[in-house]
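Please consider the structure shown below.

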Amino acid sequence: MKSWEITAAVYKNYELCVVPRRGDANDFQVEGMRYGINIYGISWNPNSYCLIRVTFSFPLSDIGPLVEKIDDPDMANDKNLLEVVQMLNYACKEVGFFYVKGHGISELLMLEVRDVLHKFFQLPYEEKIKIKMTRESGYRGYQKLGENITKGKHDMHEAINILTPIAPGKYGDLGKTLEGSNLWPERPSNFKILLENYISLLKDLSRKIMRGIALALGGPVNAFEGTVAGDPYWAVRLINYPVSSDVPAEKRTENGMGSHTDYGLLTLVNQDHDMCALEVLFIKKIQITLVQPLCVQNHSGVWIPAKPIPGTFVCNIGDMLEVWSNGIYQPTVHRVVNNSPHHRVSAVFFYE
């Protein structure tokens with residue numbers, strides 16, 4: 001029995017049709033890359049096709065060492081921190097999406113945030129519209145179902161925008177559109193204090209992750225601070241994706257949110273755990289190196305679900321980081337499709 005040794009760098013879900021040109025192998029050994037790539041082989045005989053099934057799971061990193069040591073002057077000597085930095089470099093360069101755990105924000109708080117969103121979005125429309133988003137509010141507040149538009153199409157969701165408060169004249173005419181303070185609902189009664197605490201924690205977490213990304217790019221740890229990004233703008237979008245059958249036919253659309261990339265530096269997503277709706281598009285080519293020559297059929301453009309993992313944030317990079325990294329890191333297209341029989345909430349934090 002002969003073995004075919006296969007080494008693959010793969011970033012998508014595939015079923016690849018592999019045709020052996022010669023040999024009588026009926027078994028082979030598969031080696032996968034790090035960070036969640038799994039490759040499964042199915043035996044063949046010399047005159048038939050072999051099916052290689054490739055599955056992808058997004059990188060999952062315990063960033064505890066980074067959270068704990070990134071502000072330590074002696075951090076360069078911490079091997080665990082440097083390993084996290086290497087993972088961030090891989091995730092940002094090759095995938096654009098990754099999960100983080102060990103981030104220091106309790107799973108209970110993440111759940112409380114989602115619970116308060118469920119309660120708000122279940123309120124009557126007349127109650128939610130009390131904090132209606134307008135131009136005068138600097139586009140803060142409640143946005144009704146179908147009001148958000150992505151690539152010219154109405155998105156089937158409702159949301160609340162909470163943005164960095166901006167005093168009049170702080171950024172001159174350039175920032176006038178977003179001047180204003182946030183609008184907070186009266187119900188649920190703990191909404192404001194809970195979200196303000198949550199946002200404060202996410203601001204610091206995002207700063208620390210960006211410090212790690214600065215190191216991953218080979219720059220100083222404070223590359224995204226000071227005059228470059230020392231006064232970050234943040235935005236929170238609290239979203240409810242309703243059940244399709246509950247939406248009037250004239251307002252139904254294909255996607256909860258159409259395909260897009262984010263425009264900032266870093267996005268952290270806190271999503272419901274009992275359903276999967278976030279999908280990420282991969283278009284990178286599959287590269288397979290074989291000891292023995294085989295013909296390989298490549299595929300591209302596959303939507304991969306970002307399945308919820310309790311206690312983690314889904315992180316992705318945005319267009320702004322592509323600019324600051326001179327194209328080394330590029331954002332990945334993603335969308336939301338809610339096919340669940342239940343409505344889904346998501347708390348999305350944008351760090352810019």
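In strand 11, Y142 finds its bridge partner in I160. This is a predicted model, and the contact belongs to an antiparallel arrangement in which three bridges join strand 8 to strand 11. Strand 11 (residues 158-163) also pairs with strand 12 (residues 234-241), again in the antiparallel sense, over six bridges.

Strand 11 is mostly covered, six of its six residues being buried. Its side chains point two ways: E158, I160 and I162 to one side, A159, N161 and L163 to the other, and all of them are buried.

At a relative accessibility of 2%, Y142 counts as buried, because buried means under 20%. The structure holds eight aromatic pairs. In one of them, the rings of F120 and Y142 have centres 6.1 Å apart and planes at 65°, so this pair is edge-to-face, the cut-off for that class being over 60 degrees. F120 lies in helix 3 (residues 107-121) and Y142 in strand 8 (residues 141-143); the pair therefore ties together parts that are 22 residues apart in sequence.

F120 is itself buried, with a relative accessible area of 1%. F120 also forms an edge-to-face pair with F121, at 5.2 Å centre to centre and with 80° between the planes. Both F120 and F121 are buried. Beyond these two contacts, ring pairs link F120, F121, Y125, Y142, W184 and F191 into a cluster.

Key. Residues are numbered from 1 along each chain as its sequence is written. This is a predicted model: local features need pLDDT of at least 70, side-chain atom pairs count only at pLDDT 80 or more; totals for chains, interfaces and linings use all residues. Side-chain values use heavy atoms; hydrogens and water are left out. Rings of Phe, Tyr and Trp (its six-membered ring) pair if their centres lie within 6.5 Å; planes under 30 degrees apart count as stacked, over 60 as edge-to-face and the rest as tilted. Buried means under 20% relative accessible area, exposed over 50%, partly exposed in between (1.4 Å probe, protein chains only). Helices (H or I, at least four residues) and strands (E, at least two) are DSSP runs, numbered from the N terminus. Two strands pair if DSSP finds at least two bridges between them.
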